[in-house]
Amino acid sequence: MTATAPTAQAEARPLGLAVVGAGYWGPNLVRNFQASEEFRLRWVCDLDLARAERVLGEYSTVAATDDYAAVLADPGVAAVAVATPAGTHLEVALAALRAGKHVLVEKPLAATGEEGRRLVAEAERRGLVLMCDHTYCYTPAVSRIRELVGSGELGDIQFFDSVRINLGLVQKDVDVLWDLAPHDLSILDAVLPEADRPVAVAAQGADPLGVGRACVAYLTLQLASGAIAHVHVNWLSPTKVRTTMVGGSKRTVIWDDLNPQQRIALFDRGVDLATPEQLGDGERRERLVNYRSGDMIAPALGEKEALRGVVEEFAAAIRQGRAPLTDGRSGLRVLEILEAAALSLERDGALVPLASADRAVVPC
């Protein structure tokens, strides 16, 4: 994206913001934007005016409304945070972009890849920030994993394995892949370099409850480097598990989101291959594979609410005129994988190639 550099006075002024949607996620956005010195919350908008008023509380100076047009007409609103159902993201976010507002959208970016491309094209044409709220990407743990991968400390990435299971709410409009997998796919997109991005996906799912959509699912992704990624999501597990493992040729990192004492652990353990030239004739058959067992380190992580990191990144992207970490194109890549996974499910788990989500998008 391109944007005009703000003046020093404008940089110091809090950015006027409106939150649209006061349902499940909207109150969390309201709380974090109100706590930020970078933003001044001006509006909370919801079709249910009473719900918007309840989110703000009795003594709030922020205006509650059910009139979205009034929000967009306010020249003091520089940005809009959208927390409405996914099926409405195109309409709500597109209207904000056309009104000249920067936009933060709750995941997923849109209901379909085509709708997501329309949003990306509009934002890029107008030089506006379009950011997807992939909250987990802003946890201290994922930030550290990103650093470990980027610095080469893990070596060449060999595998990515993620498990996100619990006895969860069976959704009425989406399957377990669309409900839970965006978290893991966005983490994969955030931590891996471009050379390791997925190029194909195969999905398997089951509907043991007979609700008409998968309640248990497995994704297998082929990465451009030849490595593999695997994602397991499940609404029916009696226990809650949230783990992510990224294995490299040098080290492996494991993130257990439910273990506050040891969020991540870095293992200097793995498999080393000796070249035939390094071995004598009698050793080659037995000793091509060597197992390495080194230390385990548990790096200290600061405690910080991930959504606070989202708010900070949104402000920084607006002020610096740059794309955020989880920009519209990263949201498109997640949507592309989800759509390909749905096609794979229809084809009984067949491998489906991924077209590039970075291909040109045409403004609508």
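**Close-up 1. Arg 329, a buried arginine in a predicted model.** In this predicted model, Arg 329 counts as buried because its relative accessibility is 17%, below the 20% cut-off. The residue is found in helix α11. Its side chain joins that of Glu 124 through a polar contact of 2.9 Å.

**Close-up 2. Helix α6, end to end.** Here's α6, covering residues 113–126, 14 residues in total. From first C-alpha to last, α6 reaches 20 Å, close to the 20 Å expected at 1.5 Å a residue. Just past the end of α6 comes Gly 127, with a positive phi of about 65°.

**Close-up 3. The buried residues of α6 and what they pack against.** Which residues of α6 are buried? They're Gly 113, Gly 116, Leu 119, Val 120, Ala 121, Glu 122 and Ala 123. As for partners, the buried residues of α6 pack against α5 (89–98), β6 (130–133) and α11 (328–346).

Close-up 4. The lining residues are Ser 162, Val 163, Arg 164, Asp 184, Arg 242, Thr 243, Thr 244, Trp 255 and Asp 257. Sorted by class, that's four charged, three polar and two nonpolar residues.

Definitions and conventions: Residues are numbered from 1 along each chain as its sequence is written. This is a predicted model: local features need pLDDT of at least 70, side-chain atom pairs count only at pLDDT 80 or more; totals for chains, interfaces and linings use all residues. Side-chain values use heavy atoms; hydrogens and water are left out. Helices (H or I, at least four residues) and strands (E, at least two) are DSSP runs, numbered from the N terminus. The expected span of a helix is 1.5 Å times one less than its number of residues. Buried means under 20% relative accessible area, exposed over 50%, partly exposed in between (1.4 Å probe, protein chains only). Contact means heavy atoms within 4.5 Å. On a 1 Å grid over the protein atoms alone, a cavity is a set of points where a 1.4 Å probe fits but cannot get out, and a pocket is an open set with protein on both sides within 12 Å along at least five of seven lines; lining residues have an atom within 4 Å of a point. Ala, Val, Leu, Ile, Met, Phe, Trp, Tyr, Cys and Pro count as nonpolar, Asp, Glu, Lys and Arg as charged, and the others, Gly among them, as polar. A polar contact is a pair of N or O atoms within 3.5 Å; within protein, one must be able to donate a hydrogen and the other to accept it, and residues adjacent in sequence count only if both atoms are side-chain atoms.
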